[in-house]
Amino acid sequence: MRAISRQAPRTLVRPVRRTLPVGARCLSSGSGFLLPDAPCTLYTAVTHPEDPASIAPKTQAMLDRSSAYILPVYARPPFVLEKGKGAYVWDAQGRQYLDFSAGIAVNALGHGDPGVVEVMRSTATSLLHTSNVYHHKYAGELAELLVTLTQSEGGLGWAPGSSHSPVNGTSGAKVFFSNSGTEANEGALKIARKVGKARWAAAAGKPWDDAACDKYEIVCFERGFHGRSMGALSVTTNAKYQKPFMPLIPGVKVGQLNDTAGLGSLVGEKTCAVIVEPIQGEGGINAADVDWLRALRKKCDEVGAVLIYDEIQCGLYRTGSIWAHSSIPVDAHPDIVTTAKPLANGYPIGAVLMRDSVAEVMTAGTHGTTFGGSPLACALGFHVLSRLSDKAFVASLWETSAYLEQRLQLLTRWFPAILEEKVRGRGLIRGLGFNDHSHPAQVVNLARERGVLLLTAGTDAVRLVPSLNVGAGEVGHAMDVVESCLHVLNTA
């Protein structure tokens, strides 16, 4: 059995750490790691209790302070995180947790990464903030890296292995930096609305601001999640999020993921934008079919609509390539891709990448931000993306994700009464679908009480989005705990 070497420091442990009973066997895996032949039951007992009697006075005081002063919009467990290192975090009572949520798919290089810390220190001491009234070098460097990696690995209309040296002042794509994924999606929707007006004007022979312009509709899909500000919320079709804030922006139509037959009536001449996640994160780790994406791209081309891929959770190497759509045919690629979460390893940043055919309608003053694309955010983004795109890092990520997939597939075989047959997602964005919709939250709670942090996704899935430099040993331990939790659920 072997460990994976990585640039980023982490705790290395053996993937199968428990002592197997006499006569038990381990199965060989194609990734070179040993697989257990029976589910682990070593973690059936609670080790990280959350009952009131287990909360230390120091922790309770911090919880009381938060309750008194912080808007109560989050339902959080009763402990306080104090520090993190690699794939682990510790609470104020000194209890260690294996973080398989990574700040909701944000901490690509884990916690307390020395390289990230040094870039933050050195940049902050030289140039922290300028606003976008002035140039600084870091934004251009990060934008160039995003575009050239997209060209070389595939995406936004380029097949893998492409290149596009700047000609007449353009590289073939442009980047806008924001502060978050929600802001990136808001920017993408605004840009698409402006493109729609320009295309309507060209076809109608009238000014873009003519009152007759009706090319403003936006298409989104059920179970998609694009953010909580008003525009992004309007295309996030979850009644729990939307209903308290209605009315939302007009002109939004909702379709079903992978419903090719429905595209004809869904996307029409009034459509200016279609926004979709190639792999839905919050909505349940549901992947869009390649043929459906090709049909969607074709329909957008027919009516002159801008196709937006929200890769905020599934992009930037979470699937093993820069974009989840990098490996699919070019005729299924978007006009715009949005990104954010892992780009600066936890420091706020977002980005909108767009083809020149979209960017050409944007001029000075049509969009902007005070904080977006700051020196610190872009320096961190350049550092993180440079490391994530390193060939050795990516190869190691593939090995670890293959091992995770094998362990998850074992779960579906061992617990068929609880789990769906197929593991959702790919790479290091994975979902376990449950037959009983009450079970995902229960499993997340059970795992947390045994020192592993997971997330739910939609109404029927547990989401696994660890740091991208997670080790095979950490994957093995997380799966051991999940197996024990499913055993507890199965015998309840």
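# Strands, sheet and helices in a predicted model

Colleague: How do β16 and β19 pair, and over how many bridges?

Modeller: β16 and strand β19 (residues 461-464) pair in the antiparallel sense over four bridges. Two strands count as paired if DSSP finds at least two bridges between them. The strands (E, at least two residues) and the helices (H or I, at least four) are DSSP runs, numbered from the N terminus.

Colleague: And what joins β15 to β16?

Modeller: Three bridges join strand β15 (residues 424-426) to β16, and the two run antiparallel. Arg424 stands opposite Gly431 in β16. The hairpin of β15 and β16 has two residues between the strands, and Gly427 takes a positive phi near 60 degrees there.

Colleague: How many residues of β16 are buried?

Modeller: Five of the five residues of β16 (residues 429-433) are buried, so the strand is largely enclosed by the rest of the structure. Buried means under 20% relative accessible area, exposed over 50%, and partly exposed in between (1.4 Å probe, protein chains only). Ile429, Gly431 and Gly433 point one way from β16, while Arg430 and Leu432 point the other way.

Colleague: Changing topic. What is the strand order in the open sheet?

Modeller: The order is β6-β14-β13-β12-β9-β7-β8, seven strands with mixed pairing. β6 (173-178) and β8 (252-255) stand at the edges with a single partner strand each, so one side of each has no neighbour in the sheet. From one strand to the next, the twist averages 20 degrees.

Colleague: How do β13 and β14 pair?

Modeller: Strand β13 (residues 336-339) and strand β14 (residues 350-355) pair in the antiparallel sense over four bridges. Ile336 stands opposite Met354 in β14.

Colleague: Which strands does α9 touch?

Modeller: Helix α9 (residues 290-303) packs on the sheet and touches β7, β9, β12 and β14. Its direction makes about 165 degrees with that of β9. Contact means heavy atoms within 4.5 Å. Axes are lines fitted to C-alpha atoms, for helices over the stretch in contact, and angles run from 0 to 180 degrees between N-to-C directions.

Colleague: What about α4 and α11, at what angle do they cross?

Modeller: The axes of α4 (residues 137-153) and α11 (residues 375-388) cross at roughly 35 degrees and come within 8 Å. By class, their contact has eleven nonpolar, two polar and one charged residues. Ala, Val, Leu, Ile, Met, Phe, Trp, Tyr, Cys and Pro count as nonpolar, Asp, Glu, Lys and Arg as charged, and the others, Gly among them, as polar. Residues meeting there include Leu142 and Leu145 in α4 and Phe382 and Leu385 in α11.

Colleague: Where is Ala212?

Modeller: Ala212 is in the loop between α5 (181-204) and β7 (217-221). Ala212 counts as partly exposed because its relative accessibility is 40%. Leaving aside neighbours within four places in sequence, Ala212 is in contact with Trp200 and Lys206.

Colleague: And the whole protein, how many helices and strands?

Modeller: The protein has 14 helices and 19 strands. Of its 492 residues, 53% count as buried. The C-alpha trace spans about 80 × 55 × 50 Å along its principal axes.

How values were computed: Residues numbered from 1 in each chain as written. Predicted model: local features only at pLDDT ≥ 70, side-chain atom pairs only at ≥ 80, totals over all residues. Heavy atoms only, no water.
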